[in-house]
Amino acid sequence: MLDEGIAYLAHDSKRQLVALDTLDLDASPTPPATVVFNNVAVGEIVATATQIVASESNRLHLAQKDHLATIDVVSLPAGEEIVSLAAHGETIYASTNNRRLYRVLAGALPVNTYKVVIENLIGASENNILNLTVSGDYLFFSEGTNIHRLDLKTFADTVLELPDTQAINALEYADGNLWVAYRTAVASEVRVVDAQTWTLNEAIRIPLTQVATSLAKHQSFLAIGLGDSGVQIIDLNGQLPGINPALLTPTAGSVFVQGDKMTLAPSTTEGINSVRYY
């Protein structure tokens, strides 16, 4: 995972999560590494605004970004093995092997157990909830061969099914669109869905020679992980310019009373010229 110029890598054989400065990667073939978590079988890795989060079984290992030696752990209920993670602002979303979806607010480190918030958003889906990705307004995920858009304010769940889908391999939200890598009986490809109208864009269809394992989008480039076959980079050449209008703060579900201070901030400023709140 890459966050603010730092690469976070899971070292399976050493049971570690390490941090590497990307500038050091350019300067040396053997750059110095900082051990973030030791003796941890790292599953998923995400970053909140202030913390690095790694899953292990039912545990969330947390490290403070500006002082990686400050670490702690938050646990989901016993038996809930985490299978997918996403984060937005300071909120962590985790799905488990028991087909449940949780929202976690860990708070500042070290953890104050009395202030940790763990909410069960979905109690028992039909299939495992996978490929979590979030815009701030919506949480997107795959469940079986369907794609879900969960409204984080109303918790209304809207489902979209792609034609002839046999498996959803990866999801990536960026700039108002949801990128979907999926497999049919005869092909693997990437399609794009408008996150607001929840409709499939018929003009963009990217065929793949291998099954995709991950997706990442930055500006006009789409990176597609192809497992052992490497990474394919697609220049979208100006197609689908967009913005993410969702708020970074306050966190969805926040409650304010008279005298509280509310901080308003967009998720990203890319492509935004002005903002009006109402």
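**Labels and their cut-offs**

Trainee: Why is Ile233 called exposed?
Mentor: Ile233 has a relative accessible area of 53%. Exposed means over 50%, buried means under 20%, and partly exposed is in between (1.4 Å probe, protein chains only). So 53% puts Ile233 in the exposed class. Before we go on: this is a predicted model, where local features need pLDDT of at least 70, side-chain atom pairs count only at pLDDT 80 or more, and totals for chains, interfaces and linings use all residues. Residues are numbered from 1 along each chain as its sequence is written, and side-chain values use heavy atoms, with hydrogens and water left out.

Trainee: Where does Ile233 lie?
Mentor: In strand S23, residues 231-235. Strands are DSSP runs of E, at least two residues, numbered from the N terminus.

Trainee: What makes Phe221, Val231 and Ile233 a nonpolar patch?
Mentor: Patch members need over 30% relative accessible area and no salt bridge, and nonpolar side chains (Val, Leu, Ile, Met, Phe, Trp, Tyr) are joined within 5 Å; like charges would be joined within 9 Å. Ile233, at 53%, clears the area cut-off. Together the three have about 300 Å² of accessible area, from the Shrake-Rupley method with a 1.4 Å probe, and only the protein chains shown count as cover for residues.

Trainee: How do you know that Glu56 and Arg15 form a salt bridge?
Mentor: The rule asks for a side-chain nitrogen of Lys or Arg within 4 Å of a carboxyl oxygen of Asp or Glu. Here N to O is 3.7 Å, so the pair qualifies. The two are 41 residues apart, with Glu56 in strand S6 and Arg15 in the loop between strands S2 and S3.

Trainee: Is Glu56 buried or exposed?
Mentor: Buried: its relative accessible area is 10%, under the 20% limit. Arg15, at 34%, counts as partly exposed. Glu56 also forms a salt bridge with Arg59, at 3.3 Å, and Arg59 is partly exposed at 29%.

Trainee: What makes Arg205 and Glu189 a salt bridge?
Mentor: Their closest N and O atoms are 2.8 Å apart, so they fall within 4 Å. Arg205 lies in strand S20 and Glu189 in strand S19, so the pair ties together parts 16 residues apart in sequence. Glu189 is buried at 8%, whereas Arg205 is partly exposed at 48%.

Trainee: How many salt bridges does the structure hold?
Mentor: The structure holds 10.

How values were computed:
Helices (H or I, at least four residues) and strands (E, at least two) are DSSP runs, numbered from the N terminus.
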